[in-house]
Amino acid sequence: MALHEACGTLCTVGSEKVIFILDASESAASHQTAIIGLMRDVLAATPMATAHALYFLGNPVAYTPDRFTGQAIQWFQENQQRASLVTPIWGTLDQHAQYTFVIIGSGRIFDLEDWEGTPWLERTLLVSLGDSLQHTPAIATELTSPTAQQLCRHLHDPAVKVEIAGPGFMPMSWDNAVYSLHLGAREVALNAELLGDFSVTLRYLAMQEDGVKARVTHASGKRTSVPLIPVDPTGVGGSTAGLLSVDEAKTFLRAVRKELFSCPYCPEQHPWETLRCKAVGAGILGRLVYPSLQASQAKGFVVFQITEDGVQFDIHQGSVLRLDSRVVAIKEGHGASLYRYEMSSKSWLREDRPLEPYHQLEGQAYAILL
Amino acid sequence: MQFSYDRTGFPLIAVPSVGVEAQLLPATKMQFERFLAEPNDFGDSWYEGVLALNPRVSHRQLTTNDRERLFITGLLPEEALAFARWMGEGFDLPTVEQWRALYTALAAESVPMRHWVPQASISSVRLVLDILMTQRRAHSLLDLSLMRGGVVEWVRQRNTWVGLGAPRPEFHANLWNPLEDMVRPIRVGERLPYFGLRLMRRGV
């Protein structure tokens with residue numbers, strides 16, 4: 001088994017978009033007035049942007065919530081001869097869409113068990129106004145005859161924490177700066193807390209692309225699991241590339257041979273591992289001995305690649321750089337530590353050795369940390 | 001043999017010798033529920049009564065022990081015919097001769113089933129086929145079809161309805177050879193928990 005590099009995105013976590021599914025079937029016929037009343041009261045207390053759509057059990061056609069009050073009786077008549085089945089609806093919806101489902105009715109939903117362990121059922125609240133909507137043991141949260149206020153309180157349950165993790169997971173770059181890397185003893189995770197927007201697109205390593213999930217903790221303490229949506233890697237965590245000048249390439253080639261090189265700014269010759277010249281007038285940090293990188297305001301990891309056209313440089317976004325199939329360098333403070341994925345313990349372990357200046361990668365490539 | 005799919009995504013197999021396409025498996029509750037989801041005369045209480053005879057099992061939790069719960073049983077012939085009409089033009093319950101011709105044709109087939117199963121377009125159907133192939137250690141399409149080891153299936157014999165099939169003894173004790181024996185319900189109109197159905201489509 002090898003680590004795979006993949007890209008995924010997590011969007012609209014903690015969305016309060018709600019899809020209501022009403023039971024107009026025979027088993028709920030005697031509760032129709034109560035279902036309509038509850039639905040009307042909930043819609044009145046819910047912003048229209050929250051109530052995304054309305055369905056009836058058995059029917060994949062979406063109805064418009066804002067027409068419910070005037071059309072409810074007719075809509076119930078249209079759907080009263082359908083059996084209590086949810087597959088016709090869930091079977092047509094995008095599994096990645098982050099909706100909360102509220103099913104209001106009475107009597108067993110025959111095919112509910114087909115969805116056990118799926119994201120749909122995890123995000124479903126059953127509301128019984130008569131008989132239970134499920135068999136025992138229960139496989140979904142169910143409220144019995146709640147008031148509209150009680151139901152609304154259950155619906156307002158925003159996400160307060162997101163942890164992205166999975167077997168072999170190691171994020172390499174991500175586009176939402178409020179996420180931070182967490183190197184735990186048992187797993188590596190990308191965490192964010194108390195945000196309004198948890199959406200993120202990331203490039204990562206993992207044992208299985210679909211094994212990486214976002215664990216979402218809600219304000220109520222409820223935890224749900226959300227898979228990442230695979231995305232085209234083009235442009236995800238991309239790098240800024242360029243070509244060193246002829247003089248810079250000479251500097252680079254001397255440095256990798258561990259020879260002194262001539263500085264572009266001062267008359268001195270610098271030791272091979274020198275990345276910044278701190279001659280008078282260069283500022284506190286000094287100036288990069290590669291003017292092209294200085295001009296690009298490069299920071300973090302830079303990878304040099306010897307090509308037929310010269311020496312190419314790539315300024316990597318992100319604080320993690322893949323060095324080989326199972327080793328990464330992670331920027332920590334002013335330096336970088338190396339971590340190796342151990343198959344036996346299925347964990348990332350810190351290595352004793354640091355990232356060397358001009359750390360040689362596979363092929364004719366070398367990495368530095370600025 | 002050529003395969004196609006019915007409107008529920010389950011496979012049909014062409015049997016040119018008798019000019020029909022037949023459902024490869026006995027009709028499942030998953031398929032029948034697609035019919036029940038549309039407005040018709042079969043409500044929740046009717047279905048509860050049918051499920052009481054042979055309870056439902058989720059295809060995600062299907063085990064060898066409860067395999068027959070996957071299939072819709074306990075229907076009366078006219079109810080099965082309503083399902084056939086919903087399935088589409090040309091669908092019907094088979095005659096005794098058609099059912100036995102399918103049985104004989106499948107017994108002669110040794111198709112490498114792995115080649116076509118992944119083509120099933122719906123993931124739940126793929127899952128069902130995969131589980132049944134594994135459970136049955138199916139070597140031939142007859143093994144997979146459950147024409148033996150499944151349920152008794154409604155078939156026409158002139159103007160009457162009889163059953164063909166050989167369920168496994170754990171589900172319904174019997175010594176039937178479906179190529180020789182016919183199962184005749186004792187009382188007309190009685191729902192039998194081991195009676196299911198397999199639809200065929202004419203005109204191939």
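Reply: Chain A has seven helices and 28 strands; helices (H or I, at least four residues) and strands (E, at least two) are DSSP runs, numbered from the N terminus. This is a predicted model, in which local features need pLDDT of at least 70, side-chain atom pairs count only at pLDDT 80 or more, and totals for chains, interfaces and linings use all residues. Residues are numbered from 1 along each chain as its sequence is written, while chains are lettered from A and ligands numbered from 1 in the order in which they are written.

Consider a pair of helices in chain A. Helix H1 (residues 32-44) and helix H2 (residues 68-79) of chain A pack at about 155 degrees, and their axes are 11 Å apart. Axes are lines fitted to C-alpha atoms, for helices over the stretch in contact, and angles run from 0 to 180 degrees between N-to-C directions. The angle makes H1(A) roughly antiparallel to H2(A) (angles under 35 degrees count as roughly parallel, over 145 as roughly antiparallel, 65 to 115 as roughly perpendicular and the rest as oblique). From H1(A), A:Gln32, A:Ile36, A:Met39, A:Arg40 and A:Leu43 meet A:Phe68, A:Thr69, A:Ala72 and A:Phe76 of H2(A); two residues are in contact if their C-beta atoms, placed from the backbone, lie within 7 Å.

Helix H6 (residues 246-256) of chain A has the buried residues A:Glu248, A:Thr251, A:Phe252 and A:Ala255. These residues cover an arc of only 95 degrees around the axis, so they lie on the same side of H6(A); the arc is that of the directions from the helix axis to the C-beta atoms. A residue is buried if 20 or more other C-beta atoms lie within 10 Å of its own, exposed if 12 or fewer, and partly exposed in between, with C-beta atoms placed from the backbone. The buried residues of H6(A) pack against strand E17 (261-262), helix H7 (291-295), strand E21 (301-307) and strand E22 (310-316) of chain A. After H6(A) comes A:Lys258, with a positive phi near 60 degrees.

In chain B, eight of the eight residues of helix H1 (residues 29-36) are buried, so this helix is largely enclosed by the rest of the structure. Among them are B:Phe32 and B:Arg34. Their cover includes helix H3 (87-90) of chain A, together with helix H2 (44-53), helix H3 (77-87) and helix H5 (123-136) of chain B.
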